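Me: I have a structure open and want to learn how to read it. Can we go through it feature by feature?

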Amino acid sequence: MATGDQAAIRCVLMRAGTSKGLFFHDSDLPRPGPERDRVLKRVMGSPDVLQIDGLGGSRPITSKVAVIALSGRDDADVDYTFAQIEIESDGIGYGGNCGNISSGVGPFAVDEGLVPAVEGTTRVRVHNTNTGTIIVADVPVRDGRAEVAGDFALPGVPGTGAEIVMDWSSTIGASTGHLLPTGNPVDTVTLDGGARLPFTLCDAGNTVVWVRAADLGCWGSELKDEIDQDHGLLDRLREIRGRVTALLCPGYDWRGVDDDATRGLPLIGLVAPPGGYPTLDGGRADAAAMDLRVRLVFMNRLHESIAGTASVSLAAASRVPGSIVAEVARNLVPDTLLIGHPSGITASRVRATTTGEPPGVAFQLLGFSRTARRLMDGTAYVPAR
């Protein structure tokens, strides 16, 4: 619909997990392609470091989009496409999924009438078109609407909310076809200058490169400014991501890791043994309450908490014998990985058994819980020119 020299588009602004984004019905947007991309970037206000002329929040975790439609698949209720809108550059990425934004898809589907609301709990089967995988969300429902109030606390989000349980077990190997894309629990990459760095590459949720914080001169408890302003460290992390990608794609120029369609993938995370540290909100994370520390770098910035997809990858890697993650992690609670991140400690669920066949592990449970809340619904306006 056009209003004067602007186009009007229905949308919902949701906080989903520790991210925030715009949720659209697929039918309210142009068909997939350059025109849709233009609209999504413009509605967010990109490219602009502040996104001042749009609805974005000037951070990667607030510059996200979910596009939802009824699914034609027998094994899914809705199709969901995730888009990461770049901020200061004119780009949009569809190369992976966002676990936090995914947690808002079920409540959106219930509230928008895309699935029948079942009192108590409504199970929503979500087909993520980015990865071709199925995610199952158990959404608390009250009086026909997704429930908001509850006692589940999520570090990085004030207060508590209704717990949405997410099953990600079908996302193993979603991007590469294998839990361990290289076939090994640990590989080594050679960087400029000749330094050799061990890493674990794990494909579950999203593909993530896991490295020891100590191997990069870090201690594992850094907060935002310590990483975002360390341009030398960010350059090394970018090189690691690029060179790992080149291992999987012969002939690939690692310097283009932030220029191609993946835009930010693979993710990269620094892991360290448990240790106490101050959190972003001024509190403190207790070493005795976590299995390990992690600092995830996303779009070349420190993630303020832990991406949902990265928590799936981390939990999976923690059960792979001999992996970088398994070396530093302990297991305080059965079937759980307690992740210490900049905003606190978050649990991922994981149950696995060792096997005699590669990759040496089989999973019976892999996922996490989140909360989500509809913040606003209405009309977004995009200049027609």
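Reply: Start with one contact. The side chains of Thr-18 and Ser-305 are joined by a polar contact of 2.9 Å. A polar contact is a pair of N or O atoms within 3.5 Å; within protein, one must be able to donate a hydrogen and the other to accept it, and residues adjacent in sequence count only if both atoms are side-chain atoms. This is a predicted model: local features need pLDDT of at least 70, side-chain atom pairs count only at pLDDT 80 or more, and totals for chains, interfaces and linings use all residues. Residues are numbered from 1 along each chain as its sequence is written, and side-chain values use heavy atoms, with hydrogens and water left out.

Me: Where does Thr-18 lie? Is Thr-18 buried or exposed?

Reply: Thr-18 sits in the loop between strand E2 (6–16) and strand E3 (19–25). Helices (H or I, at least four residues) and strands (E, at least two) are DSSP runs, numbered from the N terminus. Thr-18 counts as buried, at 13% relative accessibility. Buried means under 20% relative accessible area, exposed over 50%, partly exposed in between (1.4 Å probe, protein chains only). Contact means heavy atoms within 4.5 Å. Leaving aside neighbours within four places in sequence, Thr-18 has contacts that include Ile-61, Asn-100, Pro-155, His-303 and Ser-305.

Me: How is the chain divided into domains?

Reply: Domain 1 covers 6–171 + 371–383, and domain 2 covers 187–358. These bounds come from an automatic or database domain assignment. The C-alpha centres of the two domains lie 25 Å apart.

Me: How do I read the interface between them?

Reply: The size of an interface is often given as the accessible area lost when the parts come together. Here domain 1 and domain 2 bury about 1,700 Å² between them, with 56% of it on carbon and sulfur atoms. Buried area is the accessible area (1.4 Å probe) that two parts lose on being put together, summed over both. In domain 1, Pro-60, Glu-86 and Pro-155 lose the most area to domain 2, together 25% of what that side buries. In residues, 25 of domain 1 are in contact with 24 of domain 2.

Me: How many salt bridges and polar contacts are there between domain 1 and domain 2?

Reply: The rule finds two salt bridges across the interface. A salt bridge is a side-chain nitrogen of Lys or Arg within 4 Å of a carboxyl oxygen of Asp or Glu. Glu-304 and Arg-59 meet through their side chains in a salt bridge, 3.2 Å from N to O. Six residue pairs are in polar contact between domain 1 and domain 2, both residues at pLDDT 80 or more. Strand E6 (92–93) and helix H2 (99–102) each supply at least two residues of the side of domain 1 that touches domain 2.

Me: How many disulfides are there?

Reply: A disulfide is a covalent bond between the sulfur atoms of two cysteines. The test is a pair of cysteine sulfur atoms within 2.5 Å. A search of the whole structure finds zero. The sulfur of Cys-11 is too far for a bond, because the closest cysteine sulfur, in Cys-98, is 17 Å away. Cys-202 is in no disulfide either; the nearest cysteine sulfur, that of Cys-249, is 17 Å away. Cys-11 is buried at 5% relative accessibility, and Cys-202 is buried at 0%.

Me: Which residues does Asp-377 touch?

Reply: Asp-377 is in strand E24 (residues 372–383). Not counting residues up to four places away in sequence, Asp-377 touches Cys-11 and Val-12. Asp-377 and Leu-13 are 364 residues apart in sequence, yet 6.1 Å apart in space, C-alpha to C-alpha. Asp-377 is partly exposed, at 47% relative accessible area.

Me: What should I look for in the backbone?

Reply: Most residues other than glycine have a negative phi, and most peptide bonds are trans. The peptide bond from Ser-46 to Pro-47 is cis, with omega near 0°. Pro-47 is in the loop between helix H1 (34–44) and strand E4 (64–70). The bond from Pro-358 to Pro-359 is also cis, with omega near 10°. Asp-143 is not a glycine, but has a positive phi of about 55°. Asp-143 lies in the loop between strand E8 (133–142) and strand E9 (145–146), and is exposed at 68% relative accessibility.
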